[in-house]
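Me: I am new to this structure. Could you show me how to read its features, one at a time?

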Amino acid sequence: MNISLYFVLAALGGYLLGSIPFGLVLTRICGLGDIRKIGSGNIGATNVLRTGRKDLALLTVVCDASKAGIAACLAGFFAPQTSCIVFGFVSTVPVVAGLIAGVMGVIGHNFPVWLKFRGGKGVASGFGFIVATQWQLGLTALCVWLLTAFITRYSSLSAILACISVPVFAFFLSDPVHALFYSAVALLVLIRHHANIARLIKGTESKISFSKKA
């Protein structure tokens with residue numbers, strides 16, 4: 001198969017897998033209605049937690065994190081074992097195919113075709129993608145998120161700092177190809193959190209709560 005065509009298929013497959021809205025599906029199955037009508041209106045785990053169902057929030061995190069990671073693993077597994085040039089850097093087709101599928105999985109989560117391109121913010125799916133491609137960097141991002149969340153209790157700020165840290169660490173500890181793709185995910189997360197950033201600046205951003213809200 002032509003390498004360029006394989007990259008296109010990896011991108012398409014990653015997008016379709018990433019666009020599955022698990023937060024919306026799980027809450028509807030459990031009779032909680034449309035998750036988009038409560039809290040922030042987001043379909044991610046943080047908004048699912050606002051229903052008071054910690055189990056569903058955890059399951060949403062697992063499912064959302066898995067889809068981009070699975071897309072990256074599948075694309076890398078079936079890719080032809082040969083080298084290629086990406087952005088002027090030497091890499092391999094399995095590595096690049098996995099990165100393409102993973103990034104597209106995150107994009108699919110953010111802009112799912114099934115929900116008129118109105119999805120989540122890509123934090124969990126981005127984390128799963130990073131773990132699947134560079135698990136050490138995934139653990140680093142998790143540590144940054146946990147530390148920031150513990151200190152500030154701001155989920156959005158924790159996600160932003162965690163995502164920004166990944167391409168920085170990747171540049172020094174991994175390779176430029178991974179750093180570039182991780183930078184794309186970090187930029188997407190920043191763009192999707194623009195409203196949260198504005199509220200953080202104003203001091204009106206909601207903090208993490210584990211109690212059920214009406």
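**Helix packing and the pocket**

Reply: Start with a pair of helices: α5 and helix α9 (residues 176-192) pack at an angle of about 5 degrees, with their axes 10 Å apart. The model is predicted: local features need pLDDT of at least 70, side-chain atom pairs count only at pLDDT 80 or more, and totals for chains, interfaces and linings use all residues. Residues are numbered from 1 along each chain as its sequence is written, and side-chain values use heavy atoms, with hydrogens and water left out.

Me: How are helices and their axes defined?

Reply: Helices are DSSP runs (H or I, at least four residues), numbered from the N terminus. Axes are lines fitted to C-alpha atoms over the stretch in contact, and angles run from 0 to 180 degrees between N-to-C directions. Angles under 35 degrees count as roughly parallel, and over 145 as roughly antiparallel.

Me: Which residues of α5 and α9 meet?

Reply: Contact means heavy atoms within 4.5 Å. From α5 come V95, L99, I100, V103, V106, I107 and N110; from α9 come V177, H178, F181, Y182, V185, L188 and R192. This contact has 11 nonpolar, 2 polar and 1 charged residues. Ala, Val, Leu, Ile, Met, Phe, Trp, Tyr, Cys and Pro count as nonpolar, Asp, Glu, Lys and Arg as charged, and the others, Gly among them, as polar.

Me: At what angle do α5 and α6 cross?

Reply: Roughly 170 degrees, and the axes of α5 (residues 93-110) and α6 come within 9 Å. That makes α5 roughly antiparallel to α6. G98, L99, G102, V103, V106 and H109 of α5 touch S125, G126, F129 and T133 of α6. The classes here are 4 nonpolar, 6 polar and no charged residues.

Me: Are α1 and α4 roughly parallel or antiparallel?

Reply: Helix α1 (residues 3-18) and α4 pack at about 155 degrees, with axes 9 Å apart. They are therefore roughly antiparallel. Y6, A10, G14, L17 and G18 in α1 meet residues of α4 including K67, I70 and F78.

Me: How is empty space found?

Reply: Rolling a probe the size of a water molecule over the atoms shows where empty space is left. On a 1 Å grid over the protein atoms alone, a pocket is an open set of points where a 1.4 Å probe fits, with protein on both sides within 12 Å along at least five of seven lines; lining residues have an atom within 4 Å of a point. The largest pocket has a volume of about 1,100 Å³, the space filled by probe spheres set on the points, which are joined across faces, edges and corners. Of its 42 lining residues, A45, T46, V61, W145 and S155 are the closest to its centre. By class, the lining has 19 nonpolar, 15 polar and 8 charged residues.

Key: Helix = DSSP H or I, 4+ residues; strand = E, 2+ residues; numbered from the N terminus. Parallel < 35°, antiparallel > 145°, perpendicular 65-115°, else oblique.
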